[in-house]
Amino acid sequence: MKIFETHAHLDFPDFNKDRNNLIQTCFSSGIEYIINVGIDKNTSEAGIRLAENYENIFATAAYHPHEAVHYQREIILQLAKHPKIVAIGETGLDFYRDRSPRETQKKVFEEQILIAKELGLPLIVHDRQAHRECLEILTRNNPENVVFHCFSGDLGFAEDIIAHGWNISFTGNITYKNNPLEDVVRLIPLDRIFVETDSPFLAPQPLRGKRNSPLNLRYVIEKIAEIKGLTPKQVAEITFNNAVEFFLSKTGRT
Ligand SMILES: [Zn+2]
């Protein structure tokens, strides 16, 4: 079973003690590719360093909405030129924590959408309690290749995203009990779905509260399989192909 981990933060200090061992274990346990996602200058640079050390790790560059006040266009433009950068992200809006002013978040999100378009790179969107505003800014700028990471909206919102030709990525939060996301998983076509852990965050149900790692991606895959009435192998294979096409083929990285 080949697995594509589309969103992890392996550069975070949570992995300082065992980073290289963990990565080796991932690659010997069926994980074929990992995308390490940046949230600011330092983490994007750290992701690039990891990607330089491991052939099957790729990186992204962006300022997360929490970091929007620190945004510098020139830095993203420069980092995005690196041959192992496969997306601009994660960027978007977070009206749950509001760590940067909302108007700044919106401006910085829009600027990074334009960079993704300009460079022909996919866009990884972080949207927390800002569904309407994210959709409004995206629709106005209409980038081609978009994934809503750690999807947290309802079915209607998911259908809007799919209708625009965009994609949805699920994390371990779909394994939590009494979850309204089950309907979204059931009804969204599998060829528009990616899987991710968002490690070190969002450990799936049996490990909830602990440090997450890409090794736990199988829980996300198993949950999608259970909801859709497929085998985990089928879910792994289709989401793998989706992610290869979106992040690697379209960007000329394979
Ligand atoms: Zn993330």
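Strand β7 (residues 167–170) and strand β8 (residues 193–195) pair in the parallel sense over 3 bridges, where two strands count as paired if DSSP finds at least two bridges between them. Strands and helices here are DSSP runs, numbered from the N terminus, with at least two residues (E) for a strand and at least four (H or I) for a helix. This is a predicted model, in which local features need pLDDT of at least 70 and side-chain atom pairs count only at pLDDT 80 or more, while totals for chains, interfaces and linings use all residues. Residues are numbered from 1 along each chain as its sequence is written.

- Right-handed means that, with the strands pointing away from the viewer, the path from the first strand over the helix to the second runs clockwise.
- Strand β6 (residues 146–149) also pairs with β7 in the parallel sense, over 2 bridges, and I168 in β7 is the bridge partner of F148.
- From β6 the chain passes through helix α6 (residues 155–163) to β7, and this β-α-β crossover is right-handed.

- An open sheet of 8 strands runs in the order β1-β2-β3-β4-β5-β6-β7-β8, with parallel pairing.
- Its edge strands, β1 (3–8) and β8, each pair on one side only.

**Helices α4 and α5**
- The axes of helix α4 (residues 102–119) and helix α5 (residues 131–141) come within 10 Å and cross at roughly 35 degrees, where axes are lines fitted to C-alpha atoms, for helices over the stretch in contact, and angles run from 0 to 180 degrees between N-to-C directions.
- K106, F109, E110, I113 and L114 in α4 meet E133, I137, L138 and N141 in α5, contact being defined by C-beta atoms, placed from the backbone, that lie within 7 Å.

**A residue in helix α8**
- E226 is found in helix α8 (residues 217–228) and counts as partly exposed because it has 14 C-beta neighbours inside 10 Å.

Terms used. Contact = placed C-beta atoms within 7 Å. Buried ≥ 20, exposed ≤ 12 C-beta atoms within 10 Å, placed from the backbone.
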